[in-house]
Amino acid sequence: MLDICTVPCRVGYMDNLSYILVDRDTGISAVVDPSETAPIIAKCAEMNLKPDYIFNTHHHFDHTDGNLELKKLYGSRIIACQADAERIPGFDLGVVPGKTFSLGNSVADIIDVSAHTQNHILWYFKADKALFTGDTLFNLCIGGLFEGSVEQMFDALSKIKALPDDVLFYPGHEYTLQAVPMAEHFVRDDAALKQYVQNARAQIARGFPVSPVPLGLEKKCNPYLLPDSPEQFARLF
Ligand SMILES: [Zn+2]
């Protein structure tokens with residue numbers, strides 16, 4: 001079993017979301033995409049843990065800026081896609097899409113979603129129904145195409161759509177409210193979207209991120225998950 005703690009970072013300007021994961025059986029822990037260090041160090045102190053690992057979804061600075069400081073402070077080992085070794089600060093160990101990585105007894109499938117960047121990976125803890133999507137899937141929207149094509153993003157999102165509806169996804173940013181107008185323009189399941197947006201506004205008003213949301217709901221409300229063909233998908237750009 002995996003315990004997941006969300007740590008908002010760069011709040012109010014980039015609104016990153018980092019996560020602290022603890023494998024309950026062994027106490028082995030990891031930080032996903034340490035965007036900045038202060039809030040993560042504070043949360044680790046509160047939880048009385050020293051993260052054994054840092055997991056990166058991709059190389060962008062707002063997902064890796066905390067790597068070196070946390071590594072120095074805790075001795076954490078930095079894990080990312082093997083093919084991106086040279087772009088990941090403090091890289092220690094590579095994972096390969098199609099293979100798994102074990103955080104104690106919690107096992108993550110590594111899924112390639114090259115599009116936002118090349119060698120962007122998803123960390124999918126199948127048994128725990130938890131998916132860390134970095135800058136590929138956000139609530140009601142997706143990440144920009146910095147290094148990949150529209151076709152690659154369609155393929156990447158198709159992999160996410162193939163996962164079960166009850167999987168909860170944990171994105172790399174809290175961008176929900178900015179995405180509402182476009183969702184309202186394209187999404188036909190009005191009732192589901194209205195409920196989604198109402199919940200999102202309530203969460204944000206309470207000072208919490210909107211995530212995690214189940215993929216089943218996201219598949220109904222995120223305009224980028226609706227198209228079934230690359231041609232339909234391309235019309236969104
Ligand atoms: Zn990014």
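**Figure 1. The buried residues of helix α5 pack against β11 (137–138), β12 (141–142), α6 (190–205) and α7 (215–221).** The model is a predicted one, in which local features need pLDDT of at least 70 and side-chain atom pairs count only at pLDDT 80 or more, while totals for chains, interfaces and linings use all residues. Residue numbers start from 1 along each chain as its sequence is written. Helices (H or I, at least four residues) and strands (E, at least two) are DSSP runs, numbered from the N terminus. A residue is called buried if 20 or more other C-beta atoms lie within 10 Å of its own, exposed if 12 or fewer, and partly exposed in between, with C-beta atoms placed from the backbone. Helix α5 covers residues 176–186, and Thr176, Ala179 and Ala183 are buried in it. These residues are on the same side of α5 because they cover an arc of only 60 degrees around the axis; the arc is that of the directions from the helix axis to the C-beta atoms. Pro181 and His185, on the other side of α5, are exposed.

**Figure 2. Helices α5 and α6 cross at roughly 165 degrees.** Their axes come within 11 Å; axes are lines fitted to C-alpha atoms, for helices over the stretch in contact, and angles run from 0 to 180 degrees between N-to-C directions. The two helices are therefore roughly antiparallel to each other, given that angles under 35 degrees count as roughly parallel, over 145 as roughly antiparallel, 65 to 115 as roughly perpendicular and the rest as oblique. Thr176, Leu177, Val180, Ala183 and Glu184 of α5 make the contact with Leu193, Val197, Ala200 and Ile204 of α6. Two residues are in contact if their C-beta atoms, placed from the backbone, lie within 7 Å.

**Figure 3. An open sheet contains six strands in the order β1-β2-β3-β4-β5-β6, with mixed pairing.** Strands β1 (2–9) and β6 stand at the edges with a single partner strand each, so one side of each has no neighbour in the sheet. From one strand to the next, the twist averages 25 degrees. Helix α1 (residues 38–47) packs on the sheet and touches β1, β2 and β3, and its direction makes about 145 degrees with that of β1. Helix α3 (residues 67–74) lies across β3, β4 (53–55) and β5 (77–81), and runs at about 165 degrees to β4.

Figure 4. Two strands pair if DSSP finds at least two bridges between them.

**Figure 5. Tyr19 belongs to strand β2 (residues 16–23), and both faces of β2 are covered.** In a regular strand the side chains alternate between the two faces of the sheet. Asn16, Ser18, Ile20 and Val22 are buried on one side of β2, as are Leu17, Tyr19, Leu21 and Asp23 on the other. Eight of the eight residues of β2 are buried, so the strand is largely enclosed by the rest of the structure. Tyr19 counts as buried because it has 22 C-beta neighbours inside 10 Å. Not counting residues up to four places away in sequence, Tyr19 touches Ile4, Cys5, Thr6, Val7, Val32, Phe132 and Tyr170. Tyr19 and Phe55 lie 36 residues apart in sequence, with 9.6 Å between their C-alpha atoms.

**Figure 6. Another open sheet has six strands in the order β7-β8-β9-β10-β13-β14, and its pairing is mixed.** Its edge strands, β7 (100–103) and β14 (213–214), each pair on one side only. Four bridges join β7 to β8 (residues 106–112), and these strands run antiparallel; Ser102 has Val107 in β8 as its bridge partner. Strands β10 (residues 130–134) and β13 (residues 168–171) pair in the parallel sense over four bridges, with Ala130 opposite Leu168 in β13. By contrast, β13 and β14 pair in the antiparallel sense over two bridges, and Phe169 stands opposite Val213 in β14.
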